[in-house]
Every structure is written in structure tokens, then in C-alpha cells.
Amino acid sequence: MKLLKPTWVTHEDSKPIFSVDIHPKGNKFATGGQGGQGGRVVIWNLAPVLNEADELDPKIPKMLCQMDNHLSCVNVVRWSCEGHLLASGGDDKLVMIWKLTGEGSSSVFGGGGKINVETWKCVTTLNSHSGDVLDLAWAPHDGWLASGSVDNTVIIWNVQKLPEKVAVLKSHTGMVKGVAWDPIGKYLASQSDDRSLRVWRTADWAQQEVVTDCFVDCSATTHVLRLSWSPDGQYLVSAHAMNGGGPTAQIIERDGWKQDKDFVGHRKAITCVRFNSNILKKLLPSSPKTQQYCCCAIGSRDRSLSVWLTSLKRPLVVIKDLFDDSVLDISWSSNGMNLLACSWDGTVACVVFVPQEIGHPLLVDEKNALYERMYGKSLQRNWNQSFTGSQIIENPELLQAMEEINDQQRIQPSIQKEIPKLVTPPAPQESPKSAPPLVVPNKQIETRLPSGKRRITPMFLTAAPVLAKDSLEVSLMNEISTSFSSSSPSKSKIIVETRKECAPVAVQSQSVPPASNKTVEAVQSTTLPKAQPPGVQINQLMCSDVPGDQPIVHFISVLEPLKLPSGSTVTKKTSHIKMQITNGCNVTSKGSFAKVEMFKNVDDNQPIWETFLGSTIRCVAANRKFVVVCCDDMTVNCFFVKSGSKVFPSLLIEDSAVSICISECCHCLVLTKTGLLHMWDLENEKSILSRISLRSLLSNKASVSSCTLTDANLPLVTLTDGRAYSYSLNMQTWVLLSNPLDPVSKAGGSLSKSLPSTLPLASLQKSIPIHGAADTLPSGVTLSFLESQIAASSLLRSAAEFKHWLMATVNHLLEKGPECRLRSILDELMNSKYSKSSKVKGSDCILGLNKEDLLKEILKIIKPKLPWQRLYKEYNEQIVAES
């Protein structure tokens, strides 16, 4: 063992260093603490610390980068598990994420000639904490980052979508001074000044255990409480516990969360605990057998450092008076031989071990075998217990496949998550922008007729005083849908004034005062169909108590241009054309007109054509060929984009339109305020749907949130309670796609979170709640959910989601069975030339995915599964025989 204290590792004028962390590759380390005028993060080269020759070589840099972005002291620095990101948290309430750039070396601003050999830039700043950030911890899979703060909360950040938060844990009543992840990712532990240590389940972020007994006599005398999990996941060791009036590090066993062991010997409170990330082994004396154990380092306010092995009752080494002040943080290198510790006195110490002293780390396959024994974490886990297939390798292909898997694990070891996350295509980064707001009138008039019926006088919406002007230029050829329809995220508040009349009253149109010729540019970004939730939102579309064709809309909160204000011009721009809609123009004794203008180029002021309508325009949609306009007089008007000529005479529907959608295939969908759907094939002048009612869908006071067309040109309606329906043209009925109120959907909700929410089906199922631990459910419940997902993905023609759920179902069947379901999937993918059945050969593709490729991919999954080797051989032989 060697003890090293490099004097050049300092934060200027012996300012405190509150945190230290060694990079996973072991070639550098980071420190965080107080800087010149604020917080400071420094990345150092580890080689000069370990090797005297490197330290004396002027060509080898000692400091790699200095970052002074934090406004106040930095309390913690932590590398991600893969080492590509560095997180830092400080007294300025911020968490900063740093990433290495390829910009080369640069001088440190105000650093007195210091040179940054590497350039690390802050790529994200997280500012949701309301108090100092005291500790950080990366999840084993690097997908989450946990931060503990003086504000008594722990925030779990979604690293893939920063600054999105996965959860905010608020049960602590004191400052959270330490957070640590279970090495297999099932639990997160946090320790606080409220004299408690809490263990949280990552499946639902509920509390698994609260430990308080060993902290009752503790006082808030430590700056941090850095706790740590053992690498085998069996032990959680806390900071600053008390036993018999003396300070200890409490050992909490995973099995039952027992607290009957602790590390004793330090004279003052324990501030930090850090386990070596390796599971170690050594030969037993006079025996060929090896003993496996873990290694833990403990730092204290008594300025000393102790190193413990779980195989020994006494510490391996105790280094007293290592610093002049409290030990604040500890870090082990990935090879397990180097230990760094930092102190309030502004220095860093390095302890170098050799394998003869501390032991030899387990190899990757030995470590994986240990995890398999403890947690069942392996490629062959949780098989159907009732499966009676052979457990003996019967063919060399299976043996070869298993050897290939083991080789891959040696090259790139990884601990599998409890719920595998399948790879999905990255979601596009574009997102639709909202349209300019309108000022909604706060009163409407309701008239009671002698017959008892009600009649509501319609009100116009007026433009807001301040309207943003913006445009987005997108190629018209790449434009998927250019509907003008949009909606408001909030509901209108309208006061209803009731009037009674003794005689029948004719409803007269409301006069509208002239408005200024203000131009309002409606901005919408054109995205791929899978990149945005489908359709437009229509709030408060509710069923009335009156039967028949009475309106089922009490009122609809809408934004321009779904209701275009009188006298104002709404502009739509693309890279090739510009279109303007103006209501209430050219007011004459004959009445007012609505005008549609088309411009060839975006910057043109002179339209290539214009046309007039005698009624106020309410809804507009367009694709590359047609412009469709819905008016107050219940007409639907269609024009050619190029010439402006009318495609056919105005179509008359039974009520005013509230939503319109047109696809690139020239299918047009219109929803009326009475809840009736119409759909036409404009190119062939053919009706596809007529007067299809939404009334049966609007139960439990739900309202319609969107109405649009799928990629297969089928109507898609989503409701505010999360339900989603499509209409089957073949079966002439509504088909349920998503129902978050269904217990089966709730049970499988956690499985849906692994997919990007921008995919068609995933976007419909955002509101499905996450169930608790999946192992409490019968396997058939999960299978029912998976099969319903396959059917819904097929209807929506979402190839990525179809493949995802198909592979998830196959993996589930391999673990839980039954075999007949797995065979049905394989038989369906087999072409007739392979299959022994007499089924008629169908298409070679499903949603553009080749069936043969899917079949081979599934067989590749089955191949290394020992109990299923006969099934693999049966189907593989059919393919080989016919190839």
C-alpha cells in the first residue's frame, strides 16, 4: 500500500474541496469545491498522481480543465457510469451537466496563465431545486440522475430528455445530504438530516423502507451524508449513525432491511461511505477454494480514513490524521486498486493498493454468474415453471450461441434491467407551435322558445391586442398535412344570459364592428405523422340530454384559425406558397364576404388567385392539391391549390363544422358540432363515411380532445379521459385503441414507458398510469396487454411499435409461456412454402416489415434458450429445407 498526497491538486489558497470522483476509465478525476469568486470544478490527470516520473515530466499536463461556471460553492461532482458526462451540484441550487468537446486546448479566463488541455462545456443546467444541491448519483444504466438538496427533496432527472423530471420525492422533512442507487437499479436510497434513511422503489417511486432507529441520537453536524450500496447489492451502508453513544456506519441488509451490523471505531461522525465497485476474491488459507467479498472505505469528521473488507471483522487499514479537517468524499478507481479522498482543508489524498492486499476483482463472467444466482439476472431467467422441456444441450448450434453471448458479455459487460427496454427509432425533434391567442367574449345569449327548447346566439371571437408574428418555411413537397385547425389548451369561461320569449323568435346573425387590417400569421410546423400527437384538440365536446340531432356541444374553446376573426387576415406560409384567409372583407349592402388568397412565393404581395365566399370561414385545411374551407352556412368548399378553381359544388352538411383534417391521399374528415363525422375521397369525389355519430363514445363526462386521420386514412378520435378510438371501415364500427381506465391497460402501463411518446400508439397512451411491481400480476394479464398493443399498432400502421410489441411478446412467452401462443406467432410469420399447414399464402410483409426477416429475428432470440431448443430446431429445419 502507498499513500500519496499531491500538493498541486488544490483549488487555490487551500479552499475546501467538497467532492472527488475518478473517471470510469481511471485516467482522470474531477474535484469540486470553492473557487476564486464562486464554485469550481477541476478535471485532473491521474497519471502524475500515481507515477512520480509522470509528475516530473513537464510534457504531461496535471490539470486538464477548470470550470468556474457555478456561482457558489460546488458540493458534489459525479461521472456518469459510461464516463461521457460529468454532473456537478452546488450552493447556487443548480445541477450542471458537462460534456467533452473537440475544441482543443484554451487558456483559463482569469486563471493566471493556466491552460485547459481539454474543453468541457456545460450542455444542460437544471434549476428545479429551491435549495443547495448536496449530492448526486447516476443510475446504473445512465438514464436517470438523482439529486438531493437542502429543500428536502430528491429529484430524478430523465437524462435522455433533460430537463424532464421522472419523479420528485418529497417524504423527507430535513435536508437530503446523500443519494445512492442499488447496483441493479431496483432501489434508490437517500439519507437526510431528518434522522432517516429512505429506500425508494424505482418501479413506482414509492417508499420501500424507512430506517430511523439507528439515527435517533444523531445531530446535524455533517456537511454531507454520503451513503453507498455494495456492488453485489446485498448491503447498504449509511453515514452518521449512532450505537451506544458512539458514531458508526450502519449496515442495512437488503434481505428484510435488517440493521444488526455496523462499522465502528471512528471518534466522530461518519461523513461519507464508498464501496469499491468490484466484487473481490482471494484464496482461503490451506484450501483451493476462493472467498468472495466487498471492500468499503469510510471517511469521518475525525480526519481519518478506514478501509474494510466484508470478510474481516476488523478494518483492513486505518489512516489517522490523514487531513487537517473533515473527510468529505471518497472515490475508487474502476480497477479497484486506487482510492482518492478529499477534505475540507483543500487537499486530496491517494491510497494505492495491490491485489495481494485487497484481493483480485472477479472477472466479468464470474460477476454475471453471481448476479444470476442472486437476482436471476441472466439471458435465461424466469422461464415458465411448468415447462418440461429438456434442460440438456442437444445440438451444437445452441452451445455455439451461448458461447457467443458469453464472449459479448466479456467485451461489454452490462447488468440487465428488470424490464428490458427495446430499441426504437429516435423521435424527430420538431414540435408544433401554438397559434396566436384570441380574446374570448365572456357572455352569450340563450333564448327559451315557447316549446321549451333552447337556442344560443353565436358569438364571434376577436383577435388579441398583441399577436406574435412568426413563420416557418417548409418544403411543400415534404408537407404531410397543412390543416389550419388548432385549439386552446384551456377552456373558455362563458356567462350564459337566459331570455324568455312568448312567440317564436328568428335567430339573427350578430353584427360585428369593423376590425383593423392587422395581419395574423398562423404558425404551424410541418412534421412527420409520427412526430406529433395526431389531430387538433376540441375542448368540452359533451353529449346533451336531448335525443336526436340536437347539438351535443355546449361550447367549444377554440383558437384562431379554427374560428377566424372578422376583419383580420390569417396567413399560412411554406417555402413555395403563401395563403391568406380574411373574414368580413368588402362589407357592402349585399353583405360581407370572406376571401381566400393564394400566393406563388412566400414574399409575394400579389396573389396568383383569389376567391370569395358569402359566409364566414370557420375551418380551413390543405394538402398539396386541395384547399378545403368550412363556413358558417354549413357548406364545405373545395378548391384546387394551383388554380383556385372549385373542384365541385359546395357540399352541405347538417351543422357547423368544428374540426377538419385532410391527408396527402386527399381524404377529408369533418366533425360537426352535433358530433357527426363525414369523410370524403376528394380526388374521386366519393363519400366514405356519412353521419357517423360520436355520441356513444362520450361517456363518463368525457370530451373530445382530437379528431384526425391515421396513416391508413382511418378516423382517429381521442377523448380527454385518455381513451382513443378508430373507426373500422370494414366492420362499420368504432374500435378501441387505448383505455387508461381498463385494469389490463393499467397493469401494462409501465411497459409502454420504454417507447418514445411521439410514436402514434404511444402518443395515445400517455395517460395510462404505471402499475406497481409487475411480479404481483398473473403472467396472462401482461400477455393480454401485449397482444392488444400488437393489434392497435397494426391498425395504426406503426411498424416500429408493431415490431417492438411483437418482440416483447416473444420474450414474455419465452419466460412465462404458453408454448401454443408462441407457435401461433411463428406459424403466422411462416410463408406457405415453409409452413406445413394448408393455409393460403398471404402477403410477404406486415406493415412493410418482411415476415421472413421477423421470423429469423425471433428464432435468433429463441436459439440460446435451452428449454426451447426443440422448438427452434423444428422451425429452423423447415426454413433450411425449403431455402
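# Paired strands and salt bridges in a predicted model

Val154 stands opposite Leu169 in strand β15. These residues belong to a predicted model, in which local features need a pLDDT of at least 70 and side-chain atom pairs count only at pLDDT 80 or more, while totals for chains, interfaces and linings use all residues. Residues are numbered from 1 along each chain as its sequence is written, and side-chain values use heavy atoms, with hydrogens and water left out.

**Confidence.** The chain has an average pLDDT (the predictor's confidence in each residue, from 0 to 100) of 78, and 75% of the residues score at least 70. In residues 378-392 the pLDDT is below 50, although this stretch has 40 contacts (heavy atoms within 4.5 Å) in the model beyond near neighbours in sequence. Residues 459-563 also have a pLDDT below 50, with 293 contacts in the model beyond near neighbours in sequence. Where pLDDT is low, the predicted coordinates should not be read in detail.

**Strands.** Helices (H or I, at least four residues) and strands (E, at least two) are taken as DSSP runs, numbered from the N terminus, and two strands pair if DSSP finds at least two bridges between them. Strand β14 (residues 154-158) runs antiparallel to β15 (residues 165-169) and is joined to it by four bridges, with a hairpin of six residues leading from β14 to β15.

In the model, residues 67-100 are 0% helix and 56% strand, with the end C-alpha atoms 12 Å apart, whereas residues 126-160 are 0% helix and 51% strand, with the end C-alpha atoms 13 Å apart.

Elsewhere, four strands form an open sheet in the order β55-β56-β57-β58, with antiparallel pairing. Its edge strands, each of which pairs on one side only, are β55 (704-709) and β58 (733-738). On average, neighbouring strands of this sheet are turned by 25 degrees against each other, direction ignored; axes are lines fitted to C-alpha atoms, for helices over the stretch in contact, and angles run from 0 to 180 degrees between N-to-C directions. Five bridges connect β57 (residues 724-728) with β58 in the antiparallel sense, and Tyr725 stands opposite Leu736 in β58.

**Salt bridges.** The structure holds 29 salt bridges (a side-chain nitrogen of Lys or Arg within 4 Å of a carboxyl oxygen of Asp or Glu), and the table gives examples.

| Pair | N to O distance |
|---|---|
| Arg78 and Asp329 | 2.9 Å |
| Glu253 and Lys261 | 2.7 Å |
| Arg618 and Asp632 | 3.2 Å |

Arg618 lies in strand β47 (residues 617-622) and Asp632 in the loop between β48 (626-631) and β49 (635-640), so this pair ties together parts that are 14 residues apart in sequence. Arg618 is buried (under 20% relative accessible area; exposed is over 50% and partly exposed in between, with a 1.4 Å probe and protein chains only) at 8% relative accessibility, whereas Asp632 is partly exposed at 32%. Salt bridges that share partners join Arg78, Asp135, Arg226 and Asp329 into one network.

In the remaining pair of the table, Glu253 is buried, with a relative accessible area of 11%, while Lys261 is partly exposed, with a relative accessible area of 38%.
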